[in-house]
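Visitor: Hi, I'd like to walk through this structure with you. Could we take it piece by piece?

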Amino acid sequence: TKLYIDQEIQGQKVSKFMIADPISVPPNISIKDFVENYVYQSYHHFYPVTDNGVLLGYIGIHEVKSIPHTAWEKTLVNEVMVSNITSITVTAETSALDALNLMNQSDSPMLMVVDGPKLMGIITNQNLFKFISLKLELEGG
């Protein structure tokens, strides 16, 4: 099936599959606020961290779990966010196949789509797989 997947997304751009204007988190809120107002509201595992649209990094469940629950109120998002993000950022013009390969290499189910320093959207392997499975279902690959 890998060959089929490669053929189906060959020539497609990330912009076709990305979720524009995803939920993002400000850097200066507490972990407690983040968990209560973002994680428990939208149930995602991964959130870009932005300041006025500029991408600073991301925070996820993994980062939150590294902080003792008792410190959530005193710890800010920007203290635990991952700021080394070059390996999981792409542009809207990146090929979807390159994006999928990058997800596999970085072991990340999601990439952040940027235009310079600005966050434009996110792309997930689920979005790509949904497209491929619909195409298989409709065209019978």
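Visitor: Which residues does Ser-30 touch, not counting residues up to four places away in sequence?

Guide: Ser-30 touches Trp-72, Glu-73, Thr-75, Leu-76 and Val-77 once residues up to four places away in sequence are set aside. Contact here means heavy atoms within 4.5 Å. Before we go on: this is a predicted model, where local features need pLDDT of at least 70 and side-chain atom pairs count only at pLDDT 80 or more, while totals for chains, interfaces and linings use all residues. Residues are numbered from 1 along each chain as its sequence is written, and side-chain values use heavy atoms, with hydrogens and water left out.

Visitor: Thanks. Where does Ser-30 lie?

Guide: Ser-30 is in the loop between strand S1 (19–20) and helix H3 (31–42). Helices (H or I, at least four residues) and strands (E, at least two) are DSSP runs, numbered from the N terminus.

Visitor: Is Ser-30 buried or exposed?

Guide: Ser-30 has a relative accessible area of 10%, so it is buried. Buried means under 20% relative accessible area, exposed over 50%, and partly exposed in between (1.4 Å probe, protein chains only).

Visitor: And which backbone nitrogen lies 3.0 Å from a polar atom of the Ser-30 side chain?

Guide: That is the backbone nitrogen of Asp-33.

Visitor: Let's zoom out. How many helices and strands does the protein chain have?

Guide: The protein chain has seven helices and six strands. Along the sequence they follow the pattern α-α-β-α-β-β-α-α-β-α-β-β-α. The C-alpha atoms fill a box of roughly 55 × 30 × 25 Å, taken along the principal axes.

Visitor: What share of the residues counts as buried?

Guide: Of the 141 residues in the protein chain, 42% count as buried. As for contacts with a separation of 6 or more, 62% are accounted for by residues 24 or more positions apart.

Visitor: On to helix H7. What should its 15 residues span?

Guide: At 1.5 Å a residue, the 15 residues of H7 (residues 125–139) should span 21 Å, and the end C-alpha atoms are 21 Å apart, which agrees. The expected span is 1.5 Å times one less than the number of residues.

Visitor: Which residues of H7 are buried?

Guide: Leu-128, Phe-131 and Ile-132 are the buried residues of H7. Seen down the axis of H7, they fall within an arc of 95°, so they line one face of the helix. The arc is that of the directions from the helix axis to the C-beta atoms.

Visitor: What does the face turned away from that buried side carry?

Guide: That face of H7 carries the exposed residues Gln-126, Lys-130, Leu-134, Glu-137 and Leu-138. Just after H7, Gly-140 takes a positive phi of about 65°.

Visitor: And the buried residues of H6, which are they?

Guide: In helix H6 (residues 96–106), the buried residues are Ala-96, Leu-97, Ala-99, Leu-100 and Met-103. They cover an arc of only 160° around the axis, which puts them on the same side of H6. Just after H6, Asp-107 takes a positive phi of about 55°.

Visitor: Switching to rings: how many aromatic pairs are there?

Guide: The count comes to five aromatic pairs. Rings of Phe, Tyr and Trp (its six-membered ring) pair if their centres lie within 6.5 Å; planes under 30 degrees apart count as stacked, over 60 as edge-to-face and the rest as tilted. Phe-17 and Phe-131 form an edge-to-face pair, 5.0 Å centre to centre with 70° between the planes. That pair links distant parts of the chain, with Phe-17 in helix H2 (residues 14–17) and Phe-131 in helix H7, 114 residues apart.

Visitor: Are Phe-17 and Phe-131 buried or exposed?

Guide: Phe-17 is buried, and so is Phe-131. Elsewhere, the rings of Tyr-38 and Tyr-47 have their centres 6.4 Å apart and their planes at 75°, so that pair is edge-to-face. Ring pairs also link Phe-34, Tyr-38 and Tyr-47 into a cluster.

Visitor: Last stop, Thr-124. Which side chain does it join by a polar contact?

Guide: A polar contact of 2.3 Å joins the side chain of Thr-124 to that of Asn-127. A polar contact is a pair of N or O atoms within 3.5 Å; within protein, one must be able to donate a hydrogen and the other to accept it, and residues adjacent in sequence count only if both atoms are side-chain atoms. Thr-124 is in strand S6 and is buried, with a relative accessible area of 8%.
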